[in-house]
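Subject: Structure for you to look at

Hello,

Here is the structure I promised to pass on. Please open it and keep it beside this email while you read.

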Amino acid sequence: MKIGPLPTELDLRSLAVRGAQVEGIVAEESLPRLRQAGIEMAGPVAAAFSFERDESGRYIVVAAIQATVLMICQRCLGPISLDLNARSNMACVWDDQEAVALPAGYEPLIVGQVANLREIAEEEILLAIPVSPLHAEDCGTSEQKAALESEPAAKKEVSDRDSPFAVLEKLKT
Ligand SMILES: [Zn+2]
């Protein structure tokens, strides 16, 4: 089955009643908030949602979002590609008041009659993006080490040449 773009207008509560599942992709053009935040995507976002009702009758949305973002490593300032896997367990609520009353383990998803799954996927990516992305390997440390090693060596060379003792040695011979 070919996976198409995510729908933008869905009644999440009726999907939960039906126990539906929705999968789709979101093109980079459909992610305006990420673009505004200066976050470059390495490709389209893959999203899978499953809808259900819990034992208290809440409308539950379980989202699994996969995306690869291109950022700048905060240690070596080189490009870094990050694979994000965001999973969340959300409960549909109508307002903030209902949101604060949710039990632990549910994230509030404030939605009206219809919701845009692309916007929800985008929000999940924004939440999953690290504030300070770093390469997994010790990128900065090795560069700093190299800088530290070359610096004293250069100084040593200069001091040998200019040393008054070196001049004396020359005069003795
Ligand atoms: Zn780095």
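Which residues does Ala64 touch, not counting residues up to four places away in sequence? They are Ala46, Ala47, Ala48, Ala86 and Arg87. Keep in mind that this is a predicted model.

Stay with Ala64 for a moment. Ala64 lies in strand 4, which covers residues 59-72. Its relative accessibility is 24%, so Ala64 counts as partly exposed. Glu23 is 41 residues away along the chain, yet the C-alpha atoms of Ala64 and Glu23 are separated by 9.5 Å.

**The zinc site**

Now find the zinc ion. Its protein donors are Cys73 (SG), Cys76 (SG), His135 (ND1) and Cys139 (SG). Why is the arrangement tetrahedral? The four donor atoms subtend angles of 101 to 114 degrees around the zinc ion, and that makes it tetrahedral. For comparison, the ideal angle for four tetrahedral donors is 109.5 degrees.

In sequence, the donor residues follow the spacing C-x2-C-x58-H-x3-C. Cys76 and His135 link distant parts of the chain, 59 residues apart. Cys76 is in the loop between strand 4 and strand 5 (79-93). His135 is in the loop between helix 4 (117-128) and helix 5 (139-162). Is each one buried or exposed? Cys76 is partly exposed, with a relative accessible area of 22%. His135 counts as buried, at 15%.

**The cores**

Next, look inside. The largest nonpolar core has 38 residues. Leu12, Phe49, Phe51 and Ile125 touch the most other members. Helix 1 (12-18), strand 1 (21-26), strand 3 (45-53), strand 4, strand 5 and helix 4 each give two or more residues to this core. A second, separate core has seven residues, including Val62, Ala91, Val93 and Tyr106. In soluble globular proteins, nonpolar side chains tend to be buried together.

Phe51 is buried, with a relative accessible area of 2%. Phe49 is also buried, at 2% relative accessibility.

**The rings**

How many aromatic pairs does the structure hold? There is one. The ring centres of Phe49 and Phe51 are 6.3 Å apart and the planes meet at 20 degrees, so the pair is stacked.

Best wishes

Notes: Residues are numbered from 1 along each chain as its sequence is written. This is a predicted model: local features need pLDDT of at least 70, side-chain atom pairs count only at pLDDT 80 or more; totals for chains, interfaces and linings use all residues. Side-chain values use heavy atoms; hydrogens and water are left out. Rings of Phe, Tyr and Trp (its six-membered ring) pair if their centres lie within 6.5 Å; planes under 30 degrees apart count as stacked, over 60 as edge-to-face and the rest as tilted. Buried means under 20% relative accessible area, exposed over 50%, partly exposed in between (1.4 Å probe, protein chains only). Helices (H or I, at least four residues) and strands (E, at least two) are DSSP runs, numbered from the N terminus. Contact means heavy atoms within 4.5 Å. Donors are N, O and S atoms within 2.8 Å of the metal (3.2 Å for Na, K and Ca); water is not among the atoms, so sites may look incomplete. Four donors count as tetrahedral if all angles lie between 85 and 135 degrees; four count as square planar and six as octahedral if opposite donors are over 155 degrees apart and all others between 65 and 115; anything else is irregular. A nonpolar core is a set of buried Ala, Val, Leu, Ile, Met, Phe, Trp, Tyr and Cys residues joined through side-chain atoms within 4.5 Å.
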